Amino acid sequence: MGWLSKIFKGSDQKVSEGHYYKDDSSYYLPSTSGDVWAENENEDIDRAIALSLAEDTPKAKKVKDHKSQLEEDEQLARAIEESLNVESPPKHGNDINMYQPIQYFPMGYRICAGCNVEIGYGRYLNCLGAFWHPECFRCRACNLPISDYEFSTSGNYPYHKACYKESYHPKCDVCKHFIPTNPAGLIEYRAHPFWNQHYCPSHEHDNTPRCCSCERMEPQGTGYIALKDGRKLCLECLDSSIMDTNECQPLHADILKFYESINMRLDQQVPLLLVERQALNEAREGEKNGHYHMPETRGLCLSEELSTISRRPRLGTGSKAMGMRTQPYKVTARCDVTAILILYGLPRLLTGSILAHEMMHAWLRLSGFRTLSQDVEEGICQVLAHMWLESELSSSSGSNFVSGSSSSASYTSKKGKRPPFEKKLGEFFKHQIESDISPVYGDGFRAGQKAVRKYGLQRTLHHIKMTGSFPYEV
């Protein structure tokens, strides 16, 4: 029976443990199986032992002849062979296993989307349409494994929920905190239309300072500069600000040359003064002419109407005076521009655009234009301010803003290189004029600009003087 014991020992060595792989939402667990063939194997072993005992019994040896012995040996060998063939365990690899519930997957069935290596046996994750080693499923932001039950995604990339909020939830540019959600659960914020500064809605009502020039809110910890009249100025606008009348004289001379270059020379020398807010408001109260841009006036053209009264005796026959009776009074009216007032502390380009606007008021009055409607007068003044800004910005070259004007050269020689932020400021001041929604300044500018582009500046001014309105296409 030595051969029989060797056969059974060999069969035991070939029987290996199977594994059940149970898939759930994130991993599978291994389990063992060793009793799959137990019942059939016991029956075959009993049969083999019975045949073996029968072979060893002397009585059986006498009954059976040689032929019967061979048949029984063949039957025993066939039974053992069939038992081994049926109950041989499945092999790992590409062999197809026809027995359930044991499942064997071919090589390459699960490839980790993180390291591109076959996962094999063990825990794995199945999410985002791919398989992952647990240690390969990492946050896109911090690159640490994600072990939480919940995570966020963006662009098919996984994130820790906290990392996703840090990366994608908008933060307030003023207080630097996450912008809170409203009662409906939506993120609600305010944004400046030009600077794209995002901030919490609450900052519109909590007295957060704004720059009086560029209108940006003061970020916490920045420290805007407080002017004497209570206005706040950001550091970028402060870099090119004009603080007094003497400092503004080169800019004044530049704008006078600009008017001469477009055949609109001012015959009267108009005084220019830079003043504080209170002085400008007091002067505005006493000025009857003009319309004022709310909420704050930044410039003002002061003028007065002068009347010359004359009378003479009525002449009779032979040009002789008769009774010294006089004709009715003859009144000749003219306008005299007394001064232009500008708020101090504003950047050079904003100061220049305000000065160009107020100087147009002076030119209209000194040129004998009759009293115009507010939208026509303020509109054409805004057109001139816009034209001056364009002329300054068009002189920029490359990445550095370099103006050809004498005021810019004087400012550069005094403070060094032109502030790189100044060109951006100029674009903002242009944007303010173009996007103004007021009926007087905004609609007036757009109507005036359309007329000037179609008919030219001089023809437009002539039409205004004759009719008091902009020329329109019939």
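**Note on loops, salt bridges and helix packing**

1. Asn-207 sits in the loop between β8 and β9. The model is a predicted one, and the remarks below should be read with that in mind. The phi of Asn-207 is near 65 degrees, a positive value in a residue other than glycine. Most residues other than glycine have a negative phi. With 73% relative accessibility, Asn-207 counts as exposed, because the cut-off for that class is over 50%.

2. Asn-196 has a positive phi of about 60 degrees, although it is not a glycine. Its place is the loop between β7 (190-191) and β8. The relative accessible area of Asn-196 is 48%, so this residue is classed as partly exposed.

3. On the overall make-up, the protein has 14 helices and 17 strands. Of its 474 residues, 37% are buried. Among contacts with a separation of 6 or more, 55% are between residues 24 or more positions apart.

4. How many salt bridges does the structure hold? The count is 12. Side chains of opposite charge can pair when their charged atoms come close. Three residues, Glu-188, Arg-190 and Glu-204, are joined in a network of salt bridges.

5. Lys-232 pairs with Glu-218 in a salt bridge whose closest N and O atoms are 3.9 Å apart. Lys-232 belongs to strand β10 (residues 232-233) and Glu-218 to the loop between β8 (198-199) and β9 (225-226), so the bridge ties together parts that are 14 residues apart in sequence. The two partners fall into separate accessibility classes: Lys-232, at 23% relative accessibility, is partly exposed, while Glu-218, at 14%, is buried.

6. Arg-348 and Glu-422 form another salt bridge, with 3.2 Å between the closest N and O atoms. This pair links distant parts of the chain, as Arg-348 is in helix α9 and Glu-422 in helix α12 (residues 421-435), 74 residues apart. Is Arg-348 buried or exposed? Arg-348 is buried, and Glu-422 is too.

7. Arg-365 counts as buried at 13% relative accessibility. Glu-377 is likewise buried, with a relative accessible area of 13%.

8. Turning to helix packing, two packed helices are described by the angle between their axes and the distance between the axes. Helix α7 (residues 245-261) and helix α9 (residues 348-366) have axes that come within 10 Å and cross at roughly 50 degrees. That angle makes α7 oblique to α9. The crossing is right-handed. From α7, the contact uses Cys-248, Leu-251, His-252, Ile-255, Leu-256 and Tyr-259; from α9 it uses Arg-348, Thr-351, Gly-352, Leu-355, Ala-356, Met-359 and Met-360. By class, these residues are 9 nonpolar, 3 polar and 1 charged. Arg-348, listed on the α9 side, is also the partner of Glu-422 in the salt bridge of point 6.

9. Helix α7 packs against α10 as well, at an angle of about 105 degrees and with the axes 11 Å apart. Angles of 65 to 115 degrees count as roughly perpendicular, so α7 and α10 fall into that class. Leu-251, Ile-255, Phe-258 and Tyr-259 in α7 meet Leu-384, Met-387, Trp-388 and Ser-391 in α10. The contact has 7 nonpolar residues, 1 polar and no charged. Leu-251, Ile-255 and Tyr-259 are named in the contact of α7 with α9 and in that with α10.

10. What is the angle between α10 and α12? They pack at about 155 degrees, with their axes 10 Å apart. This makes α10 roughly antiparallel to α12. Their crossing is left-handed. On the α10 side the contact is made by Gln-382, Ala-385, His-386, Leu-389, Glu-390 and Leu-393, and on the α12 side by Lys-423, Gly-426, Glu-427, Phe-429, Lys-430, Ile-433 and Glu-434. The classes here are 5 nonpolar, 3 polar and 5 charged residues.

Notes. Residues numbered from 1 in each chain as written. Predicted model: local features only at pLDDT ≥ 70, side-chain atom pairs only at ≥ 80, totals over all residues. Heavy atoms only, no water. Axes fitted to C-alpha atoms, helices over the stretch in contact; angles between N-to-C directions. Helix = DSSP H or I, 4+ residues; strand = E, 2+ residues; numbered from the N terminus. Parallel < 35°, antiparallel > 145°, perpendicular 65-115°, else oblique. Left-handed = near helix turned anticlockwise from the far one by under 90°. Contact = heavy atoms within 4.5 Å. Nonpolar A, V, L, I, M, F, W, Y, C, P; charged D, E, K, R; others polar. Salt bridge = Lys/Arg side-chain N within 4 Å of Asp/Glu carboxyl O. Buried < 20%, exposed > 50% of the residue type's maximum accessible area, 1.4 Å probe, protein only.
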